[in-house]
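Here are my notes on the model, point by point. Please read them beside the structure.

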Amino acid sequence: MPAIEPSSAEHYHSLFLEALENYKKKTGRDPVAHTLVAQLNTSPEEVTRLLQEEAERLDAVHKSRWRTRMCEKIAPIVEIIRPLCDTAGKATGLAFKPGETIFGVIGILLTIPDNYKKNHEALMGLLEQMTHFLGRLRTLIVPEDVPFDDAMTKIIVDILVELIRAFALLTERMSPSDGFIPMAKRRLRKALATFSGDKEVESMLKRLDELTKVEHLMATAETRRDIAIVKREQRRQERMQRAERYQKWLSVPNSSTNQATASEARYSDTSMWLVRGQAYEEWKSSGTLLWVTGKPGAGKTVICSTVIKDLQDSLRSSGSSTTLAYFYCDFRDTNKQSYRSLLGSLLIDLSTQSDVSDNLLHDLFSKYEDGSREPDANDLMDCLKEMLVQSDGTRYIVVDALDEMPNYGVSSSRAKSLELVSNLMSLGLSGLQICITSRPEDDIGHVLRPLTHRQVVIDQEKRHHDDITRLIRSVIESNPKTRAWGEAIREEVIGALSEKADGMFRYVSCQLDTLCECPMSKIRPTLKSLPTTLHATYEATLERISEEKWDYAHRLFQCLSFSTRPLYVEELAEVLAVSLDEEIPTYHNDWRSDDPESVVLSTCPGNFIQVITEHQWHHSSPQRIVQFTHFSVKEFLASDPLSHSKANVSRFRVLPGPSHAVLARTCLGILLRPSFFSLYHHHYRETAWRPRDPHS
């Protein structure tokens with residue numbers, strides 16, 4: 001946007017000085033010297049408050065009320081004029097701020113003697129009419145970082161100059177030298193009729209009307225809005241580009257994949273009861289910490305995805321004043337069980353939504369030599385605090401499954417994360433809303449209960465149990481196999497599963513898988529013998545694994561339980577191509593499958609593992625990832641009670657030592673295969689030993 005030419009700035013300056021001199025001549029007062037002016041370099045709300053206090057003080061002295069009423073009429077004028085005055089002052093390079101001059105003349109108007117109170121009703125009417133005209137200027141109030149062009153500056157300066165002249169005229173007309181004006185009634189048209197025939201007043205109102213004509217303002221306003229939209233999008237793109245560098249620097253995992261997976265797992269409008277409930281609405285509008293708890297398999301992650309979706313919708317409707325940062329702790333991915341990953345994810349989320357936050361993170365990035373060094377965790381935490389302190393509006397932070405963070409030792413990731421929540425809450429920031437979901441573990445409750453504004457125990461909510469019943473009915477009525485059941489059997493299954501579910505979606509999902517495979521004659525007997533707990537359900541699942549698959553299924557469980565990162569389906573299929581019976585593990589190329597996904601899924605029970613598609617920044621195409629279906633599966637396989645089960649079940653228990661040995665021996669078998677060595681040697685020779693171009 002071109003800067004205003006010096007000649008234009010001088011012209012605008014002369015217009016303001018002329019209006020100021022005219023005011024002094026008409027009233028004998030200097031508005032810039034008014035005692036209120038020194039205090040008025042602040043927000044519209046604060047200006048209104050100061051004027052209101054001065055009006056109440058003078059009314060108390062003179063035992064009147066008209067000044068207080070007048071301030072109510074002036075408040076909308078202040079709200080509109082204040083931001084435009086400051087921007088116009090910067091654009092024109094004026095030595096004094098137009099806003100201070102106008103608010104000074106309002107302060108002088110408050111000092112009109114009370115013995116002319118019969119004029120006050122007419123004054124109220126004129127102020128109301130001026131407010132109507134100036135209200136049209138709201139179309140021009142867009143982001144302050146979009147500068148005024150010459151056309152816009154001229155419009156604003158002309159209006160502000162006319163406003164100073166108008167207040168000079170009003171103050172003169174209300175002064176003792178102007179004589180008595182008959183009192184008018186309160187209605188606007190009758191109040192204005194008081195000045196009927198006053199050519200100067202009528203001319204002033206006509207000029208303000210012409211200057212603020214809607215069609216006169218709209219063309220310029222639309223141009224300015226277009227510029228604002230373009231600039232906002234440019235800034236957003238710049239923040240997103242920088243965020244990619246921060247993500248690589250901080251090695252932050254992508255939580256949006258968890259959000260997408262959990263959202264897809266939600267049936268219809270289940271879990272909506274939470275975001276439509278009173279506890280959530282109170283937290284969303286004015287709360288501090290919302291703790292959502294529930295037993296294993298109750299559906300906490302799906303509920304968390306519903307909360308995030310609701311907040312994202314609010315973010316789109318409320319604009320840039322609201323920000324959202326979220327993180328999914330995930331037992332399947334060690335990088336999503338890290339305190340540093342939690343910090344980094346929150347920092348990057350906030351930096352993409354705010355220039356202030358982006359600049360703070362960029363400063364930290366620069367401090368660590370543009371990301372060439374690993375940042376200190378305390379610096380990351382301090383940066384997060386500073387982002388929240390300097391941000392305006394509402395800031396939402398959502399963390400799912402905090403119980404899935406490891407809790408080994410005093411300085412575990414879970415302990416540090418709980419300390420972070422406590423530290424953020426201790427800042428006492430208005431508009432900082434934090435939502436945590438987890439199991440009601442003792443260490444988590446010890447920290448969160450004293451901080452919690454509201455706690456929701458989802459498996460104790462009737463609406464949650466109603467959701468489970470609706471899910472069961474929907475599955476049974478939509479599945480071709482279960483639709484063939486008689487109505488009596490269908491209702492019997494729905495009732496039995498609803499009763500046994502005990503608030504656990506996970507339990508229902510497993511039992512439905514079993515019942516859907518039953519022939520009609522076996523449905524009732526199977527229903528009566530269904531396991532009563534999730535643990536017993538998993539035991540029954542392991543019993544159904546055929547003997548020839550025992551070793552292979554166990555090996556895959558070990559790899560999934562202790563791999564340091566998520567495994568691609570092709571990688572896990574390779575595990576089945578390695579023989580571990582010999583002293584030196586051997587890779588068998590003829591054991592490899594052309595369909596790795598099918599061989600993996602056919603080896604392990606369907607309610608234990610799943611294959612998902614994940615989009616990662618370091619891969620150009622989506623990747624197929626194998627993972628446990630639920631945290632409770634991994635816990636069950638590592639649990640002590642499993643070792644006391646039947647032999648054909650206890651053999652599936654996974655322990656750290658043997659599991660790491662399986663992973664190491666499998667990797668060794670793959671590395672020792674001749675084809676791998678030849679491929680690696682060729683790649684190394686082609687890349688490491690090739691003469692390098694000194695100019696590349």
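1. Over which ring does the charged end of R651 sit? The ring is that of F652, and its centre is 5.9 Å away from the charged end. A charge sits over a ring when NZ of Lys or CZ of Arg is within 6 Å of the ring centre and within 35 degrees of the ring normal. R673 lies over the face of Y587, at 4.6 Å from the ring centre.

2. A word on the basis. This is a predicted model, in which local features need pLDDT of at least 70, side-chain atom pairs count only at pLDDT 80 or more, and totals for chains, interfaces and linings use all residues. Residues are numbered from 1 along each chain as its sequence is written, and side-chain values use heavy atoms, with hydrogens and water left out.

3. F652 also belongs to an aromatic cluster. Its members are Y538, F557, F608, F628, F636 and F652. Across the whole structure, the search finds 13 aromatic pairs. Rings of Phe, Tyr and Trp (its six-membered ring) pair if their centres lie within 6.5 Å; planes under 30 degrees apart count as stacked, over 60 as edge-to-face and the rest as tilted.

4. Take Y280 and W283. Their ring centres are 5.6 Å apart and their planes are at 45°, so this pair is tilted. Both residues lie in helix α12 (residues 278-286), three residues apart, which means a separation of about one helical turn. Helices are DSSP runs of H or I with at least four residues, strands are runs of E with at least two, and numbering starts at the N terminus.

5. Y538 lies in helix α24 (residues 534-543) and F636 in helix α28 (residues 631-638), so the pair ties together parts 98 residues apart in sequence. Y538 and F636 are both buried.

6. Why does S391 count as buried? Because its relative accessibility is 13%. S391 is in the loop between α16 (377-390) and β3 (395-400). Its side chain reaches the backbone oxygen of M387 at 2.5 Å.

7. Last, G299. This residue is in the loop between β1 (289-293) and α13 (300-318). Beyond its neighbours within four places in sequence, G299 is in contact (heavy atoms within 4.5 Å) with I458 and F505. G299 and A262 are 37 residues apart in sequence and 9.5 Å apart in space, C-alpha to C-alpha.

Key: Buried < 20%, exposed > 50% of the residue type's maximum accessible area, 1.4 Å probe, protein only. Polar contact = N/O pair within 3.5 Å; in protein donor to acceptor, adjacent residues only side chain to side chain.
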